[in-house]
Amino acid sequence: ALFPFTLSTEDRQLLSTPIIDSSNSYLSETIKRLQNLDWVKKGKELYLKDNTCPFCQENTINAKFLEAIESIFDESYSKKTNQINAIKSAYESATKPTYKKLIQEISACELISEEEREITTSHIKILDEIASKNIELITTKFNNPSSIIILESNDSIEEKIIECIAAYNEKIKDINTKVAKFKETESTIKNKIWLALRNFCTPEL
């Protein structure tokens with residue numbers, strides 16, 4: 001693989017499974033029936049600032065209601081959303097910088113032809129675009145935990161890039177071997193020339 005990161009089975013299942021309310025709050029059944037947990041979560045974060053209802057503007061938000069709302073988003077719920085956020089951070093760190101570094105290294109390598117450089121770079125950019133889409137998908141899942149997402153991938157493009165990089169490394173290795181062999185041969189020839197000159201000049205010396 002091009003980066004040392006793979007989604008575990010647990011992570012894939014988390015992303016592809018709706019996170020729903022599992023509490024015993026008296027609001028739970030209504031929320032499940034209306035399927036509006038994400039909407040409730042946003043309302044809790046944005047509008048429940050005091051005891052005034054954001055809809056009727058009456059002082060109906062009491063301690064019992066707040067306790068019921070809080071119990072919906074319990075430790076289990078928070079753990080799952082935190083895990084989604086961790087997946088996003090790990091995925092982003094493992095993909096975007098890697099692709100950027102690869103493009104820079106390929107662009108700077110003088111042993112790679114312009115045509116090879118363009119082909120490989122275009123492949124890397126495809127994976128980079130896929131990574132950007134996946135990061136957006138994970139962000140969507142974090143903001144709307146009840147949504148279902150499946151990350152995109154392109155194994156054939158990744159394999160092509162790996163093959164190209166392996167070929168470039170082999171080419172560089174071959175040239176380095178030739179350079180090392182040239183220096184070794186040059187040194188041997190010099191030694192033989194000086195030895196021949198020494199033998200040739202023996203009478204004079």
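The expected span of a helix is 1.5 Å times one less than its number of residues. Helices (H or I, at least four residues) and strands (E, at least two) are DSSP runs, numbered from the N terminus.

The model is predicted: local features need pLDDT of at least 70, side-chain atom pairs count only at pLDDT 80 or more, and totals for chains, interfaces and linings use all residues. Residues are numbered from 1 along each chain as its sequence is written, and side-chain values use heavy atoms, with hydrogens and water left out.

**Whole chain.** Of the 205 residues, 29% are buried, where buried means under 20% relative accessible area, exposed over 50%, and partly exposed in between (1.4 Å probe, protein chains only).

**Helix H6.** Next, select residues 114–143, which form H6. This helix has 30 residues and reaches 43 Å from its first C-alpha to its last, close to the 44 Å expected at 1.5 Å a residue. Its buried residues include Arg117, Thr120, Thr121, Ile124, Leu127 and Ile138. Residues three or four places apart in an α-helix point the same way, because there are 3.6 residues a turn.

Centre on Thr121. Why does Thr121 count as buried? Its relative accessible area is 11%. Beyond neighbours within four places in sequence, Thr121 is in contact (heavy atoms within 4.5 Å) with Ile103 and Ile106.

**The core.** Of its 33 residues, Leu15, Phe73 and Ile138 touch the most other members. Helices supplying at least two residues each include H1 (9–15), H3 (37–47) and H4 (63–72), while H5 gives the most, with 8. Zoom in on Phe73: apart from neighbours within four places in sequence, Phe73 contacts Leu37, Val40, Lys41, Lys44 and Ser78.

**Last stop.** Select Leu197 in helix H7 (residues 155–200). Leu197 is partly exposed, with a relative accessible area of 39%.

Technical notes:
Core = buried A, V, L, I, M, F, W, Y, C linked by side-chain atoms within 4.5 Å.
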